[in-house]
Amino acid sequence: MPSGTKGVAIAVLVAAALTTAACGGGSAKKAAPPPSPMQTATTTMPPTAPTATSSTAPAGALTAAQLGKLLLTSQDAAGFTYDASQDGTSVTSTQDVVTTGGSACQTFVDAQEALSTKYGTTAEVDRQLTKANDSHVVESSVMAFPSAAKAAAMVSDLTVGLKGCKNLAVNQNGSAVTMAPSVIPELVKSGQAGYIDYMTAAGNTELMAADLVQVGTVVSVVAFLGPVTNDPAALQQMGGTQLAHLSDVQVGRLKAAQGLS
């Protein structure tokens, strides 16, 4: 089973969803509940550090090898482990065409996957961290772009798509994948887009909480993926302080690597 998010791409999210469903055991989950519990859990989230602006971005783009050294590790997420040999290192160049949802949802999907034919993505590295006896996984990704403007456009498009897309469907390897994305208001600002997504694949519905932050010429992605739940502790882990903390850790490294304050 592949690991990493591929820029939170659909193909790998499907694989991760099936993995977490298998770890959690039980039968297929029903349709996703309303997202209000997650949004409630995020109200205590500390503010993330401000993102870099295009005027301070360096000219040179970071390579995949450089990006791989900046992803989250077991030292950042206590109890979670990873296998660096399983890190994904390829960009997404083929568009997943939305079959239900319209243009706003297509904009969301293209941005979610950091589509190279649209944004000129130059490099991407993706990592999946897992924890024994825990049905949640942490997804850590960074995508590099030819300019800060392109990185900003990707995050901006994701935000625009989120505002206009409530439900979508795509075909993945002959099977339908449906999503119900929704913004996390506290994480939507200039250069940053936070959202939750109820994704159904192969009869299983999984919940993802993600935070995307532009840092100069790159975009940082940190996400939690796990079973649909209304448990306050689990929701706080996915959509609250831990997500914000891990995102800040990765953003800090990316700023240092680009010489940004």
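This is a predicted model: local features need pLDDT of at least 70, side-chain atom pairs count only at pLDDT 80 or more; totals for chains, interfaces and linings use all residues.
**View 1. The largest nonpolar core and what builds it.** This core counts 31 residues, and Met 154, Leu 168 and Val 219 make the most contacts inside it. Helices H4 (103-112) and H6 (148-164) each put in at least two residues, and so do strands E4 (137-144), E5 (168-172), E6 (175-183), E7 (192-201), E8 (204-215) and E9 (218-227). H6 gives the largest share, with five residues. Another core, of 16 residues, lies apart from this one; Leu 187, Phe 224, Leu 243 and Leu 246 are among its members.

**View 2. Leu 168 and its neighbours.**

**View 3. Strand E5 and its pairing with E2.** Four of the five E5 residues are buried, so the strand is largely enclosed by the rest of the structure. Strand E2 (residues 98-100) runs antiparallel to E5, and two bridges join them. Look for Thr 100 here: its bridge partner in E5 is Ala 169.

**View 4. The hairpin of E5 and E6.** Val 170 sits opposite Val 177 of E6. Two residues come between the strands, and Asn 173 in this hairpin takes a positive phi near 55°.

Methods:
Residues are numbered from 1 along each chain as its sequence is written. Side-chain values use heavy atoms; hydrogens and water are left out. A nonpolar core is a set of buried Ala, Val, Leu, Ile, Met, Phe, Trp, Tyr and Cys residues joined through side-chain atoms within 4.5 Å. Buried means under 20% relative accessible area, exposed over 50%, partly exposed in between (1.4 Å probe, protein chains only). Two strands pair if DSSP finds at least two bridges between them.
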